Amino acid sequence: MRREPPQTLGDYSPLLFPAAMLTIFFVVPFGTMIAVSFFQREQGGFYTPAFVFDNYQRFLSAFFGGVLGFSLMMAIAVAVCCVVLALPFTYLLTRMARRVQIVWLVALLSILSLSEVIIGFAWSTLFSRTAGITNILVALGLMGEAKALTPSFAAVLTGMVYQAFPYTVLVLFPALVRLDPTLTEAARTLGASPLKAFFTVVVPALRNTIVATLIMVFIFALGSYLLPQLLGRPQHWTLSVLITDQAIYQSNMPFAAAMAVFLVLVTLGLVALTVIAGRKGETA
Amino acid sequence: MNISSIKRRTLLGAGLAGASMLAMPAVLRAQDKSLKVGVYGGYFKDSFDKNIFPEFTKATGIAVESIAEPTGEAWLVQLEQAARAGQAPADVSMMSQVAMLKGQATELWTPIDMAKIKNASNLLDRFVNKYPDGRVAGVGAVSWYITLVTNTNVYKEAPTSWTALWDPANADKLGLLALVSNSFLLEVTAKTHMGGTNALDTEEGILKAFEKLAEVKPNVRLWYRDEAQFEQALKSGEIPMGQYYHDVTGLAAADGHPVRSTFPKEGGIQDSGCWALSRASEKSEEAHIFIDYMCQPAIQATLSRKVGTSPTVKRESTDLTDKEFAAVSSDIEPIVPRYDLYQTKSDWLNQKWTELIVG
């Protein structure tokens with residue numbers, strides 16, 4: 001079957017439905033948010049339509065810059081951890097028997113059915129002093145005294161990696177299944193160890209997939225606002241937490257919208273940079 | 001004359017028949033009269049559903065659909081957004097003071113007609129919220145205290161003062177509320193270390209309070225927005241000390257959990273909730289009946305016994321015993337939040353506060 005580019009207007013018609021959905025559920029709300037970000041905040045009240053830059057001005061400070069920097073760093077850390085863990089895992093998974101694969105995939109999918117709240121509370125219990133995993137270590141004689149592992153950066157990172165891991169595997173899985181096994185076989189025949197074959201053949205062959213996965217997990221992690229609150233200290237709160245604070249608790253919609261717009265712009269900028277860098281790498 | 005009298009009777013008869021016919025739908029409607037009431041979700045709402053609403057429906061024929069509302073200001077945003085679209089997710093809501101005042105600033109609350117609230121004479125004046133021009137924006141529903149709470153397994157002796165928050169011995173052991181406008185820790189700092197909440201009159205005073213409060217940070221393990229998060233940790237002893245609601249802590253203790261609530265010698269923080277009617281609601285009549293019903297001393301006493309809140313009506317008007325009253329209140333003068341600050345300086349306070357705890 002040959003794919004032909006659409007000729008007439010009618011050929012585009014299947015696109016109408018998704019386009020309409022995208023407009024109604026994404027473009028319109030996002031446009032509203034941009035509009036609200038320029039509205040005038042009324043302290044102790046709500047907001048009035050206007051066109052002011054106050055909200056953006058307030059955001060441009062060392063304090064919010066620091067929070068934004070931390071949020072980006074955290075999202076990058078989550079993305080890198082997820083891919084580093086998921087790539088070998090998924091590679092080995094694709095080499096397993098079909099039945100084993102199904103069991104693993106169903107288990108991973110079931111994690112997706114858990115809400116962020118449940119994941120957060122579960123990990124905070126596991127990391128607690130009174131009921132956490134350190135008690136097992138104490139029972140085994142590996143530790144002198146049970147201690148709390150949360151709130152800490154490591155706890156937030158663990159929770160967020162746990163949450164994003166199934167997505168990472170699901171995105172990597174199709175590409176790894178399609179990967180031609182003869183590539184690694186050839187590498188092995190030429191004397192490479194399995195580890196060397198993985199790093200010199202499999203990883204480079206999947207470069208684009210890996211970059212795409214990193215971007216996806218990065219954006220996914222950037223939106224997280226519950227886990228940093230449940231597992232971290234205030235200095236581990238991401239920009240999303242502060243946006244929620246402004247929108248829900250301070251009823252300062254304009255400022256919340258301005259922060260959200262800023263976050264989206266920075267994210268898009270970073271993604272664009274990654275894609276451009278990737279293209280350059282390909283042509284070189 | 002005879003003729004005219006017959007005529008009058010006939011007329012009267014016809015009039016009666018007509019009136020009763022007109023009244024028929026009204027009778028039918030009376031049976032499905034309903035009111036959506038917002039109360040704080042969780043234990044509060046459960047208690048209202050069990051102890052208050054069924055009795056109200058029995059007494060008035062108005063069915064209550066209770067709505068679980070999130071913490072004051074989050075609910076305020078939802079009500080405000082909905083009212084802009086002409087919707088009322090709840091007709092009457094219980095609103096904390098800060099949320100009440102913010103709603104008043106945008107005229108979110110329909111003024112209450114006090115002539116229809118016959119039980120209003122029992123109310124304590126300070127629990128009636130008024131617009132600047134004197135219209136009533138909200139009527140006191142319940143009042144509650146935020147106190148110093150501890151896990152009894154970890155702290156054998158109850159602390160006696162808010163200074164425990166600053167004690168280096170309590171490093172990494174505290175759970176405090178995460179927002180400036182619901183923790184009221186500035187007031188606590190001012191009362192404990194600066195001679196009273198008047199110290200917050202000036203910006204310099206507030207900055208000094210922030211500075212003093214910053215010393216608490218190393219002791220804080222959790223700044224919570226979600227009450228369940230702290231309650232759980234307090235019960236298990238994971239976070240053995242903090243500020244929490246006196247009513248809920250009392251209930252947890254009654255259930256056998258190792259927790260206690262203490263009124264520090266500087267006083268507990270007293271906050272209160274008002275019944276307020278959204279301007280988008282079309283159930284004004286039912287709402288007035290509901291608010292009037294809730295102002296009865298007997299109902300307020302039931303709330304004290306079952307929910308653990310403090311009455312908003314004069315104590316003498318209720319039949320609460322000394323012991324029952326002591327369980328929900330204290331003779332120690334309470335710390336009354338500086339609500340005015342959260343209106344006039346809310347953004348500045350919020351910014352400083354966020355920098356304090358995040359920075």
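Modeller: B:Asp226 sits in the loop between strand S7 (220–224) and helix H9 (227–236) of chain B; helices here are DSSP runs of H or I with at least four residues, strands are E runs of at least two, and both are numbered from the N terminus. Mind that this is a predicted model, where local features need pLDDT of at least 70, side-chain atom pairs count only at pLDDT 80 or more, and totals for chains, interfaces and linings use all residues. Residues are numbered from 1 along each chain as its sequence is written, while chains are lettered from A and ligands numbered from 1 in the order in which they are written.

B:Ala178 is 48 residues away from B:Asp226 in sequence, yet the C-alpha atoms are 9.0 Å apart in space.

Now the two chains together: 23 residues of chain A are in contact with 28 of chain B, contact meaning C-beta atoms, placed from the backbone, within 7 Å. On the chain A side, H3 (62–94), H11 (227–231) and H12 (239–249) each supply at least two residues, and H12(A) gives the most, with three. That side of chain A divides into 12 nonpolar, 10 polar and one charged (Ala, Val, Leu, Ile, Met, Phe, Trp, Tyr, Cys and Pro count as nonpolar, Asp, Glu, Lys and Arg as charged, the others, Gly among them, as polar).
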